[in-house]
Amino acid sequence: MGYVTLMIDDQKVTVADNLTVLQAAEKLGIEIPALCYDPELEIVSSCRLCIVDIKGNPKLQTSCSTPVSEGMVVYTESEKVIKMRKTILQLLLDNHPNDCLTCQKAGECLLQKYAYRYDVKFREHSGERRKEIIDTSSPYILRDGSKCILCGKCVRTCAEVSDRQVLSFAERGFDTRIVADADFSLEESKCVSCNRCVAVCPTGALIDRRASFKGRVWELDAKDVKCKSCDYGCDFEVIKRDKKSVGVRAKKPGEGRPLCLKGRLTTELLYNDNIDKPYKKQDGRFIETSWNDALELTDIIEKIDLFERKKV
Ligand code: SF4
Ligand code: SF4
Ligand code: SF4
C-alpha cells in the first residue's frame with residue numbers, strides 16, 4: 001500500500017492510496033453528505049448525494065466510489081455540487097410525507113439533516129407521493145414505507161447473514177419498494193427481529209418499536225454497551241431519559257456476529273429500568289412469552305447436563 005497527496009477544499013491531505021475521496025475528506029473532518037453509504041456495507045452509489053467536483057473532470061463524481069489519486073483536486077461544495085444536491089433532496093422530499101413534526105426519527109434523520117443543511121423544503125405539488133404502507137405486525141420493528149428513500153441499506157445489511165436475506169427491492173420505477181420475503185408482513189416473513197436493518201436506516205422508515213416514543217432525540221442520552229450473551233459482544237446503546245434507562249437499541253454487529261434478538265433482550269434485561277414483555281415468533285405469529293423462554297433458559301439445568309454428558 002502506498003500513499004497519495006491530494007487537495008480537498010483547498011486543504012492538503014496525504015492518505016493511503018486505497019481510500020475513496022469520501023474517506024479522505026473524513027480525515028480532514030469534512031463530512032460529505034451520503035444516504036446510501038455505510039462503511040460496513042457494499043458500495044452502491046445509488047443516492048448520488050455524495051457527488052463532488054474533481055478538477056479536470058466535466059462530470060460530478062460520487063465520492064463514495066471514486067478512489068483517491070496523486071495530485072487530485074476536489075471540491076466538495078462547489079456551486080455545481082450544491083445545485084445537484086438540492087435537486088436530489090428536493091426530489092426525495094417531493095415523494096415523502098411532511099411528517100417531521102411527529103416523526104420518531106426527527107433529530108437523527110439524515111434526510112432531515114441534509115434538507116436543513118441545503119435549505120430544501122417540502123413543497124406543495126399535485127404529483128403522486130409514495131403510498132403509506134405501514135407494517136405494525138412486529139412488536140420489535142415499525143415499518144413505514146412512505147418514509148423509505150430506497151437507499152437499500154436495509155437490504156444489504158440483512159443479506160450479510162446468509163440464512164436471513166429477508167428484505168429485497170420489489171416492483172419498478174415509481175412503484176419500487178422494499179418488501180420482506182414475498183411481500184409478507186414482518187410477522188409472516190422469516191425476519192428474526194435482529195434489528196440490524198433498523199440500525200442502518202437513515203430515515204423513519206424502520207423504527208425500533210420498543211425503544212420508541214420514550215422522548216424526543218434531544219431529550220435522551222445514549223450509552224454504548226456490549227452484549228454479554230456471547231463472547232463477541234455486538235454493540236447496543238442504552239437510551240436514557242432523566243438518568244433512567246428507557247430502552248435498548250441495536251447498534252452494530254460484533255466482528256463475525258450477526259446481531260440477534262436474544263442478545264438485545266438480554267441487554268434490555270440487564271440495563272432497562274422499565275422493561276416491556278418479550279415476544280417470540282411461533283408459526284408465523286408473534287406471541288407474548290416468558291423471559292425464561294425468550295432467553296432460552298427453560299430447562300437450562302437439563303441442557304447443561306446433556307452438554308456435559310456429550311463431552312465425556
Ligand atoms: S423520516 Fe426524516 S424527513 Fe421523513 S418525516 Fe421522519 S424526520 Fe422527517
Ligand atoms: S430485523 Fe434482521 S432479519 Fe429482520 S429484516 Fe431486519 S435485518 Fe433482516
Ligand atoms: S427502509 Fe430505510 S434502509 Fe431500507 S431502503 Fe428504505 S430508507 Fe433505506
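The protein chain exposes about 17300 Å², and carbon and sulfur atoms supply 51% of that area (Shrake-Rupley method, 1.4 Å probe). This is a predicted model, in which local features need pLDDT of at least 70 and side-chain atom pairs count only at pLDDT 80 or more, while totals for chains, interfaces and linings use all residues. Residues are numbered from 1 along each chain as its sequence is written, chains are lettered from A and ligands numbered from 1 in the order in which they are written, and side-chain values use heavy atoms, leaving out hydrogens and water.

**The chain as a whole**
- Eight helices and 15 strands make up the count for the protein chain (DSSP runs: H or I of at least four residues for helices, E of at least two for strands).
- Of its 312 residues, 46% count as buried, meaning under 20% relative accessible area with a 1.4 Å probe.
- Among contacts (heavy atoms within 4.5 Å) between residues at least 6 apart in sequence, 58% join residues at least 24 apart.

**Around ligand 3**
- Ligand 3 is surrounded by 13 residues (a heavy atom within 4 Å), and the closest are Cys148, Cys151, Gly152, Cys154 and Cys201.
- This shell divides into ten nonpolar residues, two polar and one charged; Cys counts as nonpolar and Gly as polar.

**A look at Glu187**
- You will find Glu187 in the loop between strand E9 (177-180) and helix H5 (196-200).
- Glu187 counts as buried because its relative accessibility is 13%.
- Leaving aside neighbours within four places in sequence, Glu187 is in contact with Ser137, Lys281, Gly284, Arg285 and Phe286.

Notes
Buried < 20%, exposed > 50% of the residue type's maximum accessible area, 1.4 Å probe, protein only.
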